[in-house]
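Subject: Handing over a structure

Hello,

Here is the structure I promised to pass on to you. Please have a look at it first, and then read on for what turned up in it.

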Amino acid sequence: FADCPAIACALHRASSMLARAARSLGRAPLAPAAPPAFAAAMSRRWASFTIYTPFLSDSVPLADGVLGTVEEIHVAPGDSVKENDVVMTIDTHKAALEVRAPAAGKVVKILVEVDDEIQEKKPVIECED
């Protein structure tokens with residue numbers, strides 16, 4: 001379960017609840033308080049983040065679900081970004097949308113290329129803290 005932080009976190013919460021219940025009954029815990037995979041999974045989970053394309057609105061219809069075309073990518077793998085830096089520009093045929101970094105970090109991987117058609121809420125850049 002080390003490869004899936006959500007499962008590791010759920011297992012940790014469940015084992016902690018079991019341990020508290022056993023202690024309240026005066027018994028030894030039935031499960032370890034923290035599964036070994038939990039610490040490794042959580043360190044990986046919080047050491048990286050993904051930048052997504054913006055969501056406009058439920059009331060704004062998109063042609064074939066396409067938000068627009070990647071016009072320009074302002075970063076490259078290895079670049080450092082600060083919170084709120086513009087990392088990409090998307091042409092929506094009506095306006096240019098700026099995709100901004102939600103946090104400071106280092107660009108690890110760019111998941112799209114210039115001229116790609118992109119949808120709302122799709123991952124475009126992977127970063128690490």
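A word on confidence to begin with: pLDDT is the predictor's confidence in each residue, on a scale from 0 to 100. What you have is a predicted model, in which local features need pLDDT of at least 70 and side-chain atom pairs count only at pLDDT 80 or more, while totals for chains, interfaces and linings use all residues. Residues are numbered from 1 along each chain as its sequence is written, and side-chain values use heavy atoms, with hydrogens and water left out.

The chain has a mean pLDDT of 78, and 70% of its residues reach 70 or more. Helices (H or I, at least four residues) and strands (E, at least two) are DSSP runs, numbered from the N terminus. Confidence is lowest in helix H2 (residues 36-46), with a mean of 49, and highest in S3, at 96. In residues 30-34 the pLDDT is below 50, and beyond near neighbours in sequence this stretch has nine contacts in the model (contact means heavy atoms within 4.5 Å).

Now to the sheet. Two strands count as paired if DSSP finds at least two bridges between them. An open sheet is formed by four strands in the order S1-S8-S6-S3, with antiparallel pairing. S1 and strand S3 (80-81) stand at the edges, each with a single partner strand, so one side of each is left without a neighbour in the sheet.

Strand S1 (residues 48-52) is joined to strand S8 (residues 123-128) by five bridges, and Ser48 has Glu128 as its bridge partner in S8. Strand S6 (residues 105-110) pairs with S8 over four bridges, again antiparallel. Here Lys109 is the bridge partner of Glu126, and Lys106 stands opposite Glu128.

Leaving out residues up to four places away in sequence, Ile110 touches Ile73, Val75, Ala76, Pro77, Val124 and Ile125. Ala76 is 34 residues away along the chain, yet the two C-alpha atoms are separated by 7.3 Å.

Finally, a ring: Lys121 lies over the face of Phe55, at 4.6 Å from the ring centre (a charge sits over a ring if NZ of Lys or CZ of Arg is within 6 Å of the ring centre and within 35 degrees of the ring normal).

Enjoy exploring it!

Best wishes
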